[in-house]
Amino acid sequence: MYRFPLLLAGAFCFVLAFTGCSDDDSPAQPAQPVTHDGQTLSLGQGQVTTYERIAADGSLLAVGVRFDETALTGLPTDDTPMTLTLPKKAATSPFDHVGFDWVAHGHFPQPIYG
């Protein structure tokens, strides 16, 4: 007499348990910051590249210049001023370029930086 309701309740729990579980139940991961490369120029035997790091909300996290190890090999004997543009991906970035200079013989004052 009580067998049918128990079987029905057991089957219901079984179906509920397996239909309620899916891969989509994992909590949403917050959006990660993104790095955008800007202009790339040659220096020495390598390259220098500007970049911006942007938060998920579009705000600017970082601005910088990245250069590879070979950029420090075979450097020119003359001063080499460079202006590299930034990618301008941040909504409110006040920056549009970065000055990056190779000063072959040091800069003034000579006794300190020569």
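A polar atom of the T50 side chain sits 2.7 Å from the backbone oxygen of T85. That is a polar contact: a pair of N or O atoms within 3.5 Å, where, within protein, one must be able to donate a hydrogen and the other to accept it, and residues adjacent in sequence count only if both atoms are side-chain atoms.

The model is predicted: local features need pLDDT of at least 70, side-chain atom pairs count only at pLDDT 80 or more, and totals for chains, interfaces and linings use all residues. Numbering runs from 1 along each chain as its sequence is written, and side-chain values use heavy atoms, with hydrogens and water left out.

T50 belongs to strand β2, residues 46-54. V48 is in strand β2 too. Strands are DSSP runs (E, at least two residues), numbered from the N terminus. L72 falls in the loop between β3 (60-67) and β4 (80-85). Buried means under 20% relative accessible area, exposed over 50% (1.4 Å probe, protein chains only).

| Residue | Relative accessibility | Class |
|---|---|---|
| T50 | 0% | buried |
| V48 | 0% | buried |
| L72 | 54% | exposed |

**Contacts.** Contact means heavy atoms within 4.5 Å. Beyond four places in sequence, T50 touches residues including H36, D37, V65, T85 and V98.

**C-alpha distances.** For L72 and Q47, 25 residues apart along the chain, the separation is 9.3 Å.

Technical notes:
Helix = DSSP H or I, 4+ residues; strand = E, 2+ residues; numbered from the N terminus.
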